[in-house]
Amino acid sequence: MRNRLQWNGFEANGEVAARASFLKMTPRKWRLVRAFEGVLRFILPMLPARAFETVAAQPKTILVVEYWNLGDLAILVPFLRNLRAGFSRAKISLLVNESLKTFLEGQGLVDEFIPVRVPWAQHFSRWKKYNPFSGHWISFVRTIIGIRKKQFDWAISGRMDVRDNFLLWLSGAARRIGYGLGGGGFLLTDRVAPDLSRPHRADIWLHLLDAAGKPPNRGLSGFRLTRSELASAEAFLRDQGIPAGAFLIGVHPGARIAVRRWGDEKFAEVARHILRENDAHILWFSDPGIPSDAPRLERCHAVSLEFRSFLAVLSLCRLLICNDSGPMHLAGLLQVPVVAVFGPQKPDWFGPRGTHDRVVIQPEFWCRPCFDYCIFGEPHCLRTITQGQVIASVREAIPELRAEPPLTIGSYVAAATGERRING
């Protein structure tokens, strides 16, 4: 009944328009989704379903489903902090990409990490995503069987995707909270109508807490680093010959998705201008195993560190210049301001949200967003952004940031969940 009442109210307000706004879903893709729904309606009666006596108003166990990439997990953090605050006695489990299972360890957000390799989240190739002969399907089915044995009270997904709603149903949870906008609404017990005024993906997750009866505190966010990690970061900077109190600017030219990479040579030109005009030091970040040649400039330092060490060093930067990428979202968790170069994606959905953050974008491209695939030979929305545009944004940001006190270990609150600097 709860599902049907919420669905009727939203349907009257125009689901088609909302689907176009949030998902940019074409009629052809929607027909494919409806065909998949038809297959599910046919096969679900043949699958074992869990019988429930009651649905717990205060759950003892909650499953959160977010198995995609690093930036997606960073966006999830405010939701997890609010979920922990609202349901402090519940055991919270996170179904997470196997390669990222350690990212949120030690944050006090999740009691159990359930690593998974979801076949359609492993590749860009559409054939590889759904290859029935892929070995990922075997481990995936084993993981789902293990989840069903846990008999979760609640399961939650913030993705407007029929596949995620199917996963919620497969989990066997008594209460399944999510969005039916992208299909599979009949698989949910709580089919939540999205708030069209808040399109950012962090807000889409937080809106689910309203349906759960726990209005969110949007100020809850942040990432915890230990004093030991920060001390190691400061020692690393000393070893690089960087004086204490130096104005640090990070540059990260990488991005997992090729159509979001502005180009190493363009970032290098921005770095040259910064060093010519300022007494700053630049940390040129690259991921281990993914080479990115730092420009040979005085006060420009190549940095390639394992993940936690990278976070600690990044937290000491006064600014990060980067693509629309995972590091951009990590900087947001650490409250490091960014100048982010955006191409095929919409900042309204995934952009940085800090007071000093800046986005450089060519807004006139009609094809945005195109997610991971570009319909042209190359992403012109990104290629037409000039070094001058990025340099201008950096020039605007630096005076504001110099007016703020630098971050030190003494001013970092390791247990903070939203506030990063204090006196002393």
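**Loops, a patch and a helix pair**

Reader: Where does Q151 lie?

Author: Q151 sits in the loop between helix 6 (136-150) and strand 4 (154-156). Keep in mind that this is a predicted model.

Reader: OK. What is phi for Q151?

Author: Phi is positive there, about 50 degrees, although Q151 is not a glycine. Most residues other than glycine have a negative phi.

Reader: Is Q151 exposed or partly exposed?

Author: Partly exposed, because its relative accessibility is 45%. The exposed class needs over 50%.

Reader: What about R299?

Author: R299 is not a glycine, yet its phi is positive, about 70 degrees. R299 lies in the loop between strand 8 (281-285) and strand 9 (300-303). With 24% relative accessibility, R299 counts as partly exposed.

Reader: New topic. What joins R368 and P369?

Author: A cis peptide bond, with omega about 0 degrees. Most peptide bonds are trans. P369 is in the loop between strand 12 and helix 14.

Reader: Where is I375?

Author: I375 is in the loop between strand 12 (358-360) and helix 14 (380-383). I375 is exposed, because its relative accessibility is 59%.

Reader: Which residues form the nonpolar patch on the surface?

Author: W366, I375 and F376. Together they have about 400 Å² of accessible area.

Reader: Now helices. How do helix 4 and helix 8 pack?

Author: Helix 4 (residues 70-86) and helix 8 (residues 201-211) pack at about 20 degrees, with axes 8 Å apart. So helix 4 is roughly parallel to helix 8, as angles under 35 degrees count that way.

Reader: Left-handed or right-handed crossing?

Author: Helix 4 passes helix 8 in a right-handed crossing.

Methods. Residues numbered from 1 in each chain as written. Predicted model: local features only at pLDDT ≥ 70, side-chain atom pairs only at ≥ 80, totals over all residues. Heavy atoms only, no water. Patch = residues over 30% accessible without salt bridge, like charges linked within 9 Å, V, L, I, M, F, W, Y side chains within 5 Å. Areas by Shrake-Rupley, 256 points an atom, 1.4 Å probe, with all protein chains shown as cover. Salt bridge = Lys/Arg side-chain N within 4 Å of Asp/Glu carboxyl O. Helix = DSSP H or I, 4+ residues; strand = E, 2+ residues; numbered from the N terminus. Buried < 20%, exposed > 50% of the residue type's maximum accessible area, 1.4 Å probe, protein only. Axes fitted to C-alpha atoms, helices over the stretch in contact; angles between N-to-C directions. Parallel < 35°, antiparallel > 145°, perpendicular 65-115°, else oblique. Left-handed = near helix turned anticlockwise from the far one by under 90°.
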